[in-house]
Amino acid sequence: MAAITYKNASCIYEGSDKLAVDSLSLDIQDGEFVVLVGPSGSGKSTALRMLAGLEDIDEGAIEIGGKDMTGVPSKDRDIAMVFQNYALYPNKTVAENMGFALKLRGISADERRKKVEEAAKILDLTEFLDRKPAKLSGGQRQRVAMGRAIVREPQVFCMDEPLSNLDAKLRVQTRTQIAALQRRLGTTTVYVTHDQVEAMTMGDRVAVLRFGKLQQFASPNELYDRPANAFVAGFIGSPAMNLVKLPVTADGVKIGDSTLELERDDLTKLSNAGLSEVMFGIRPEQLELTDSGGVEVVVDLVEDLGSEAYVYTHAGSGVELVARCNPRTAPRLADSVRLRRHPEGVVHLFHPDTGERIN
Amino acid sequence: MTVTADTEADASQLAVAERVRKIREAQGAGVSRAEGWRRRGPLLPALIFMIVVTQIPFLFTLYYSTLSWNLVRPGSRQFVGLNNYIAVVKDSQFWTVALNTVVLIVVVVLVSAFLGLLLALLLDRAFLGRGVVRTLLITPFLVTPVAAALIWKTTILDATNGILNWVLSLVGIDKVDWIGQFPLTMVMVVLIWQWTPFMMLLILAGLQSMPRDILEAGRVDGAGAVQLFRELTLPHLRRFIELGVVLGAIYLVNTFDTIYMMTQGGPGIASANLPFYIYQRAFLGFDMGQAAAYAVVVVIFTMIIASFALRLIFKSFSGKEEAA
Amino acid sequence: MTTTVEKSTTTTAPAVASKKKSRKFSPWGVVAWLVGLGFFFPVFWMVLTAFKQEGDAATSPPKLFFTPTLDQFSAVFDKGIGPAMLNSLFATGVSTILVLLLGTPAAFALSLRPVRKTQDALFFFMSTKMLPIVAAILPLYVIVSNIGLLDNIWALVILYTSMNLPIAVWMMRSFFLEVPGELLEAASLDGASLWRSVREVILPLVSPGIAATALICVIFAWNEFFFAVNLTAVNAQTMPVYLVGFIAGEGQYWAVLSAAATMAALPVILCGWFAQNKLVRGLSFGAIK
């Protein structure tokens with residue numbers, strides 16, 4: 001177990017002039033489960049590989065347990081990694097795969113066998129110990145990859161999209177297993193994924209990355225309730241937050257012909273910033289159907305998910321809004337309805353150009 | 001996200017590139033040099049071995065080509081500059097032989113590639129005993145060239161008792177002295193016989209590495225068998241055919257065994273290729289200097305053609321890693 | 001980064017096609033059989049003739065049925081095929097081992113831990129193959145006789161190594177390239193030094209490829225004639241040279257020549273047959289598994 005610190009770490013793309021990771025700074029506590037999330041090309045995998053020593057740290061530094069890892073080769077970092085494609089040794093049995101690191105450390109065969117069997121029990125792999133990876137299913141292989149990491153009892157777990165090759169149902173199952181396992185073992189874990197649902201459900205804290213730069217590093221709740229910029233706002237949450245650029249009026253923002261009212265504080269901040277336009281964000285569940293007041297919209301599509309329904313609409317000026325509603329009382333296509341902000345609904349305001357949070 | 005971010009993005013891109021440059025400078029050459037040697041290490045023994053065994057003799061050949069030197073007359077070595085080369089140019093036989101060489105390589109490579117393609121297509125489908133047929137088909141490639149040439153020359157192509165003439169006599173064609181009348185062609189036939197399996201295996205590899213779903217998509221789109229072949233299969237096979245052609249050509253440049261065994265280059269020089277011709281000059285005529293000059297000329301021509309060929313392999317095969 | 005350790009289930013089509021052992025009768029199958037037999041015929045005839053008496057060998061029409069005899073083979077053996085066989089075995093075996101020893105690290109350096117000038121090195125290796133060997137034979141003859149290796153099997157060993165090394169490096173490199181990079185990374189994270197990861201993880205994976213390469217080297221080395229005929233005389237002659245010597249002595253005796261030819265060609269033919277899959281794999285640079 002150890003704390004991890006990224007200090008302005010950067011990594012250059014091989015053979016190019018672009019930075020894969022740009023001055024990343026993160027303070028990860030000992031025992032914490034941190035998720036690095038972002039779209040493809042955001043540098044999250046690279047950041048993880050820098051930690052593991054598989055990519056060079058071109059600028060800045062990374063510390064594990066207070067020790068600078070610059071120049072320290074992977075094999076000396078005491079990190080275990082679960083690869084996206086598992087990277088199991090094809091010519092070794094499951095037991096040999098899991099025991100390899102221990103063998104390299106010179107641990108006796110008996111001791112190895114014991115530890116491997118322990119880990120196998122936790123992961124339900126005991127009956128597969130003598131099989132080779134080719135004879136295992138995807139889910140089983142994934143567990144062997146985890147087992148290989150656990151057996152080593154390292155300082156840090158690195159996981160690079162370990163669930164992305166599993167089918168949906170298995171993914172949900174394994175997700176909870178991994179989270180429970182980490183809590184039980186208490187090992188500091190850095191987990192990379194592009195799936196924001198995984199990030200939100202598994203992480204103690206989540207770091208959102210985009211084009212190599214850190215957007216926000218906070219707990220899932222914080223990310224959901226107070227995204228630091230428009231990108232994070234649009235990335236976290238499904239269906240995505242409604243984000244539209246709207247003109248500012250004296251009382252609020254103009255959608256179509258109607259005005260959606262804003263709080264005093266928010267209006268003050270807007271006028272202080274001298275903005276005539278704002279990137280307005282509101283989550284679908286913060287919008288509700290109403291009979292009077294609010295904004296007039298036309299229904300384009302209704303998605304009925306059984307427990308809830310989402311109504312896709314557009315307002316007169318072309319602004320598109322998604323709102324959540326009760327599936328039993330959902331409107332129909334081409335209906336004209338009115339949407340208003342939920343009484344306790346939170347509104348997010350972002351700068352129209354930089355995307356930074358204003359309120 | 002917003003349109004105005006574009007110009008900002010350009011400016012920031014430049015800033016990033018500048019930072020990258022600074023970082024790379026700061027990293028310096030020291031560490032990477034040691035790593036460079038560590039990586040080069042395993043390569044060195046093989047590299048040095050090849051340089052010593054192949055390049056040094058060639059340098060000697062260059063040197064010899066400037067001498068007039070006959071092995072049988074010791075002490076006759078003397079420097080004659082480029083006289084040998086002038087003799088090469090003046091030698092009308094040389095050009096005939098050069099033509100033979102080119103014809104031989106081109107015909108053998110193209111015909112065996114074509115036949116190899118047909119055979120590969122045949123073998124691509126499953127049928128009873130496919131494995132056995134494949135075994136039968138690769139055998140010519142395995143047979144020692146001198147043995148193969150011998151068998152063809154005697155039991156098959158012989159004018160009086162050869163099988164070919166016997167078969168032809170069954171359909172009323174008179175006996176032909178194959179080797180006497182068509183020496184170069186016969187050499188080419190044997191070479192084609194030996195190299196077709198090689199081409200077939202390469203192209204078969206190409207056929208079997210082709211994803212079937214593309215063909216299925218084509219069929220659904222309404223393409224017939226010929227169109228599927230022409231539009232989808234053939235382009236995919238191109239890389240493999242190219243590789244076969246280049247590798248085959250490399251080996252065929254040095255054809256010697258077959259000619260030695262079947263025709264000894266004759267009659268006259270009708271079926272001699274450059275290696276055989278040079279061999280005659282050197283080991284039968286013992287005229288080292290002259291032979292060396294021939295050899296150098298051959299090397300120069302080969303290198304010119306080879307550099308085109310090598311670029312071709314590299315171009316088509318640097319993509320191999322991702323595709324295959 | 002998307003490399004798979006095992007055959008992913010998405011590429012089912014080729015895998016399924018080759019697993020299906022269709023015992024259906026197919027007209028193309030018949031054509032294939034005919035062609036196969038046709039190609040094989042000269043070899044078949046060679047072996048057949050080897051069992052004939054001389055009188056039965058060179059006849060027109062050619063005889064398919066006759067009383068077989070082993071006389072030709074004993075004649076061949078009597079003439080001393082033993083030393084030639086041993087020489088061939090030695091030259092082939094030792095040169096192949098050398099090729100593997102020199103070539104495997106080189107292929108490794110050119111694939112898994114790429115040297116900066118990888119393309120150049122590859123280019124160089126292949127270009128050595130392109131130089132007509134006839135250009136080297138002259139000085140080689142002089143050099144070899146000067147250092148007293150004329151008619152010595154070691155000269156052939158060295159030359160065969162240099163002859164096969166480029167192709168071997170090329171082939172083994174393609175096999176190394178098939179190893180997913182992640183395996184090396186996983187091994188290094190597990191604490192393995194480079195040497196250890198090569199030994200325990202990489203080599204087992206590429207060993208079929210190395211075997212295929214070795215087989216190709218054996219074929220080319222055994223069948224080599226040019227260097228052998230020019231640089232050896234009596235002591236170090238290899239099988240191809242021995243065969244030629246047979247002809248000069250025996251003239252038009254087809255049966256015994258066939259027997260000698262069979263003996264010369266048989267080892268490699270058998271090798272190729274038994275290790276057929278490896279051969280195919282090697283020749284297609286691993287594209288057919």
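User: How many bridges join strand S3 (residues 33–37) of chain A to strand S9 (residues 205–210) of chain A?

Analyst: This is a predicted model, in which local features need pLDDT of at least 70, side-chain atom pairs count only at pLDDT 80 or more, and totals for chains, interfaces and linings use all residues. Residues are numbered from 1 along each chain as its sequence is written, while chains are lettered from A and ligands numbered from 1 in the order in which they are written. Strands here are DSSP runs of E with at least two residues, and helices are runs of H or I with at least four, both numbered from the N terminus; two strands pair if DSSP finds at least two bridges between them. Strands S3 and S9 of chain A run parallel, and the number of bridges joining them is four.

User: In what order do the six strands of the open sheet in chain A lie?

Analyst: The edge strands of chain A, each pairing on one side only, are S6 (79–82) and S10 (213–218). The pairing within this open sheet is mixed, and the order is S6-S7-S8-S3-S9-S10.

User: Into which domains is chain A divided, and how many residues of domain 1 of chain A are in contact with domain 2 of chain A?

Analyst: By an automatic or database domain assignment, chain A is divided into domain 1 (4–235) and domain 2 (242–350). Their centres, taken over C-alpha atoms, are separated by 39 Å. Counting two residues as in contact if their C-beta atoms, placed from the backbone, lie within 7 Å, the residues of domain 1 of chain A that touch six residues of domain 2 of chain A number six.

User: Which helix of chain C gives the most to the side of chain C that touches chain B?

Analyst: In this interface, 90 residues of chain C are in contact with 82 residues of chain B. With 15 residues, the helix that gives the most to the chain C side is H2 (residues 27–50).

User: Which residues have the most contacts inside the largest nonpolar core?

Analyst: A nonpolar core is a set of buried Ala, Val, Leu, Ile, Met, Phe, Trp, Tyr and Cys residues joined through C-beta atoms within 7 Å, where buried means that 20 or more other C-beta atoms lie within 10 Å of a residue's own. The largest such core has 292 residues, and its largest share, 18 residues, comes from helix H10 (residues 183–208) of chain B. The residues with the most contacts inside this core are B:Ile203, B:Ala295 and C:Leu156.

Conventions: Buried ≥ 20, exposed ≤ 12 C-beta atoms within 10 Å, placed from the backbone.
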